[in-house]
Amino acid sequence: MGVRLAITLSAICCAGALGAALPARAASLGNAAVDPNPCLTVFAKGLRCPDIVMDRPWGMYLDTVTSPGRSLLRAGNAIESIGKGPVELHGVRYNRVYMHARQRIYKRGGGWIVVRTGAKLRLKFAHLSRYWWKFFNAASFQLWRVDGQGNRTRKVRTGPKVSYCLRDLTHTRPWLSRTPYLPHYPACSTNVSLRHDTLGTSVGWADVYPPDYPEQWIDVTGLRGCFAYVHTADPGNGVYESNEHDNKSQVVVHLPFNSSDRRGGCKGRDRGRPYVPEQHPY
């Protein structure tokens, strides 16, 4: 780490400067310069860094109605916020359908820093036949073939959905420190004229999508055998986290799909925390 970066981070994390931004490094994601991830440095101890995880795919069923002649294997997903601080993105519009977004990371002593991660918000036609401002490349659906020991060997299909809201929809982990009792971040905006927007998910809360929502599927038409149905949160690293290695989950399925016997004798581990609806152990 260079002297200039070290001095800047020290000032941000230790001197209490509000709203300061990290210097850019020589890298880019798309056309936007990006900063280093401060949550993976020694300066992380002065920050309330977020951490997001993807719950295990749930509520799976075969849909043969949406696209006649095709078999779509649907699954619900939940992107949970489990870190020391919230996930929060602030977008500024730059064309008809996109906003550049910067991430706000809160400091333990008060205030925050702002980092450029390359994240974007996208105006997306989706649920309720409306346009919504969503976090672009927030998640991915993949289908991998697995071998006789249950190891993933080859990616064979992907799902179409990549844009998601970040919001406080379900309070899945109310026991976590600094989780708000009531939701703080609302649903995504449907204002197509919006010039600025903020998306986020508080500690202990999750953004949840049922399996019957638009594009919550992978096309499995014609496939036979054993597969891993994989969900990944933030595959493009648009959110800087304290742990960048806990974003994947999966379930093992046998195709053609049988809802009463999902695995059909296939080997391999299901990964990720099972989705648990809202809890209130107060």
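Mentor: Start with aromatic rings. Rings of Phe, Tyr and Trp pair if their centres lie within 6.5 Å. Keep in mind that this is a predicted model.

Trainee: How many aromatic pairs does that rule give here?

Mentor: The count comes to eight aromatic pairs. Pairs can link up, too. Y94, Y98 and F136 form one aromatic cluster.

Trainee: Which charged end sits over the ring of Y98?

Mentor: That of K120. The charge is 5.6 Å from the centre of the Y98 ring. Look at W144 as well. The charged end of R152 sits over the W144 ring, 5.5 Å from its centre.

Trainee: Which strands pair with β12?

Mentor: Take β18 to begin with. Seven bridges join β12 to β18, and the two run antiparallel. Find R145 and look across: F227 in β18 stands opposite. Then turn to β13. It pairs with β12 over five bridges, again in the antiparallel sense. Here Q142 has T158 of β13 as its bridge partner.

Trainee: What lies between the strands in the hairpin of β12 and β13?

Mentor: Five residues lie between them. In this hairpin, G150 takes a positive phi near 90 degrees.

Trainee: Next, the cysteines. How do I spot a disulfide, and how many disulfides are there?

Mentor: Check the sulfur atoms. A pair of cysteine sulfurs within 2.5 Å is a disulfide. By this rule there are three disulfides. Number the bonded cysteines along the chain, and the pattern reads 1-2, 3-4, 5-6.

Trainee: Where is the partner of C39?

Mentor: C39 bonds to C49, with their sulfur atoms 2.1 Å apart. The two cysteines link distant parts of the chain, ten residues apart. C39 is in the loop between β3 and β4, while C49 is in the loop between β4 and β5. Both C39 and C49 are buried.

Trainee: Why is the disulfide of C39 and C49 called left-handed?

Mentor: Read the torsion about the S-S bond. For C39 and C49 it is about -95 degrees, so the disulfide is left-handed.

Trainee: And what does C165 join?

Mentor: C165 is joined to C188, S to S 2.0 Å. This pair also links distant parts of the chain, 23 residues apart. C165 sits in the loop between β13 and β14. C188 sits in the loop between β14 and β15. C165 is buried, with a relative accessible area of 5%. C188 is buried as well, also with 5%.

Trainee: Which cysteine does C226 join?

Mentor: C266, with 2.0 Å from S to S. The link of C226 and C266 is left-handed, with -80 degrees about the S-S bond. C226 is in strand β18, and C266 is in the segment after β19. They are 40 residues apart.

Trainee: Is C226 buried or partly exposed?

Mentor: C226 has 21% relative accessibility, so it counts as partly exposed.

Technical notes
Residues numbered from 1 in each chain as written. Predicted model: local features only at pLDDT ≥ 70, side-chain atom pairs only at ≥ 80, totals over all residues. Heavy atoms only, no water. Helix = DSSP H or I, 4+ residues; strand = E, 2+ residues; numbered from the N terminus. Buried < 20%, exposed > 50% of the residue type's maximum accessible area, 1.4 Å probe, protein only. Phe/Tyr/Trp six-rings, centres within 6.5 Å; stacked < 30°, edge-to-face > 60°. Lys NZ or Arg CZ within 6 Å of the ring centre and 35° of its normal. Pairing = 2+ DSSP bridges.
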